[in-house]
Amino acid sequence: MKTNEAPGKLNTTLAPPENGAGHEPGTDWKGLAWLTLLVAACLTAFERLVHFTFPNLMSWQYQSVTVCVGTVAAVTGSYYMTRKLGRALSLHAEVEKKLALERNVLRTVTDNIPDSIFAKDTEGRYMLANKAFSTLHGMKSPDELLGKTVFDLFPKERATALNKDDLLVMKSGGQVTETERTAVDAEGNVKVLQTIKVPLIDVSEAVVGIVGVHRDITRRKESEQKLRQSEANLAAAQRIAHFGSVEVDLISLDQPEKNPVRWSDEVFRIFGYEAGAVEPSRRAFFRLVHPEESEEVRNALNDAVREAKPYDIDFRIIRPDGAERNIRGCGELICDPKTHKPLKLVASVQDVTDRVQGEIRLHNANQELGERVQELQQRSKEINLLGELGSRLQACRDAKEAYMDISASAEELFPNWSGSLCVTSASRIAVETVAEWGKTGNGERVFAPDDCWALRRGQPQSFRRGEKTAPCRHIDLNDLTESLCVPLMAQGEALGVMSLQMKQNHEQRGGGAPRFSSEGEQHLAVVLAKQVALALGNLKLRASLQNQSICDPLTGLFNRRYMEESLEREFSRANRSKTTVALMMMDLDHFKRFNDTFGHQAGDTLLRALGDLLKKNTRGQDIACRYGGEEFALVLTDSNLAGALKRAEILRQQVKQLSVEYAGQLLGAVSISIGVALYPDHGATIAEVLRASDQALYSAKREGRDRVCAWAAESVV
């Protein structure tokens, strides 16, 4: 909404019309009073004069003279008033005729202009409307609107808003208010209206309503939209073609730096700026031109202006970010048709960097072709090495023999790279390095599968120092310039990963770029990984009958084999991080008596319940296992002895509160005995720690069961 001060008070139709010749339209009571006084004075003076002049007149004579004089005075007064009244009636008729003409002209004008005009009183009732306004609201005649309000024309919500606007206009103190809104006419056409409203003020300066005008600006808005769309299309076309336009007003030929310059948005982009980021000027342009070509471009522009001829020149620019681009500039002059004096320079700027680079690539094609021949020879050698490796892998009896052959072949295929072959353990929770070649550094030899991006994603993962790609956590980043991890996939299963690393000393020794900087070298690594994965998969299939399942089928806990593998990994990690690992060995008290009393199926139910309890009350990094029979084990990583004893006591209490139901019968309460041992305090190997925890468990049973005991020298029997 726009509000402007009105230029002056509004003379409305409620004010009295102006009269010509300075005459007043009503009765001249003041003149009549003076005339009456004058006649009375004359009569009185005449009577005194008659008495003074003719003192001897008889009474009837005196009365006769008085009547005659009074009659003359009355006739004279009547004549004067008649003339006065006639002139007033004539003037009133003239004013009425003029007013009717003005109203007719006003109605004719308002009914024949396209704008909708209306007037309302303070109650919101329409007092005036033209044909355009009535047509907009679906009325046949403006007279149908008289006396109605917006509540008769619009829904309540819309009418309330319009009435509120009208009240604000009437309270504005004579300000002109402008708004734009969308409306639907009687035919259902959507129109954009510009509404101008002003308070209606009478001669006493009281607000008696509002006057408003609706102007249909739909076509103007559509034209503006089309203009914006045309400008957007032009900008898009210039952007697609890398083509921008420049205009220079040639105000001063002697001082070209003072000439106004205009760039299109695409020119800004070509020059490496955001649109409007800098002020277009000749000086700003020459700051971008390559120093080696600046003088040539300057001379070409000056010659074109001086000789009034077109120009066409190729040159280079250096963007603010340091990037060099190839530009082609063309331009023509617009001259005065009479004086032939240059008025304006219209030019185009096109980024032809891609074309120039294409020509350079074409020029280098022969050289690249020669390099391809050498590359094909290298690929032939690699194919022979891969074939020989495949033959040897088929003859391997176990994985250890295969690891040695894979390491030797990988070192030949990637002589400038260090690398390692890592396989996933049977438990799927650890990846162990089984073969290495070159200088691999101090990377993790045993790590979790999530530490390698290639194993996470199931596809090759490359890393290059300086790029934003995240490196794998198992790789030593010291002196590393580039790495590539390729998963060993066989039948949809990740058997491990082959990792290649380029160290700085290797890169210098190789005398050039990294080996797999091209797609062909990456492909070689993928092919080798597939061949290795297939061989390892066959070996794993051969040995699968010798491996046991890692989970106990009854309780769902890990089994003893998995626990031993986990202890090996956790002990190795504890050594590196200088932490401790606690091992709890648990045994159900009097489990044989429980089986004899309730049956073996009830015993299985109890074992399952205890397994569920352990799974629910162990941390994510802890490992709960069924060691055998009614014996269970719990591995607590990064835990000290005091913490382990506290956890064991909590578990003992939870088991005592365990409620197990079988066949609709609530089984009796049970208890457990727990022995706790700590690595490396109570043993340096897995066997020693297991033995220490067993000895602590036996101590708990000897002391009466249903208790927790830590290993001590006295526990040894």
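**Note on the predicted chain: a helix pair, a sheet and confidence**

1. The axes of helix 16 (residues 591-598) and helix 17 (residues 600-616) cross at roughly 130° and come within 7 Å. Axes are lines fitted to C-alpha atoms, for helices over the stretch in contact, and angles run from 0 to 180 degrees between N-to-C directions. Helix 16 contributes Phe591, Phe594, Asn595 and Phe598 to the contact, and helix 17 contributes His600, Ala602, Gly603, Leu606 and Leu607. Contact means heavy atoms within 4.5 Å.

2. The model is predicted: local features need pLDDT of at least 70 and side-chain atom pairs count only at pLDDT 80 or more, while totals for chains, interfaces and linings use all residues. Residues are numbered from 1 along each chain as its sequence is written, and side-chain values use heavy atoms, with hydrogens and water left out.

3. The chain has 19 helices and 24 strands; helices (H or I, at least four residues) and strands (E, at least two) are DSSP runs, numbered from the N terminus. Of the 717 residues, 38% are buried, meaning under 20% relative accessible area with a 1.4 Å probe, protein chains only.

4. An open sheet of mixed pairing is formed by five strands in the order 19-20-18-23-24; two strands pair if DSSP finds at least two bridges between them. Strand 19 (623-628) and strand 24 (708-710) are the edge strands, each pairing on one side only. On average, neighbouring strands of this sheet are turned by 20° against each other, direction ignored.

5. Strand 23 (residues 672-679) pairs with strand 24 in the parallel sense over three bridges. Ile674 stands opposite Val708 in strand 24. Helix 18 (residues 641-656) packs on the sheet and touches strand 18 (581-588), strand 20 (631-637), strand 23 and strand 24; the direction of helix 18 makes about 165° with that of strand 23. Helix 19 (residues 686-702) runs at about 145° to strand 23 and lies across strand 18, strand 19, strand 20, strand 23 and strand 24.

6. The chain averages a pLDDT (the predictor's confidence in each residue, from 0 to 100) of 82, and 88% of the residues score at least 70. Confidence is highest in strand 23, at a mean of 93, and lowest in strand 1 (residues 2-5), at 49. Over residues 5-26 the pLDDT is below 50, and this stretch has 21 contacts in the model beyond near neighbours in sequence.

Notes
Buried < 20%, exposed > 50% of the residue type's maximum accessible area, 1.4 Å probe, protein only.
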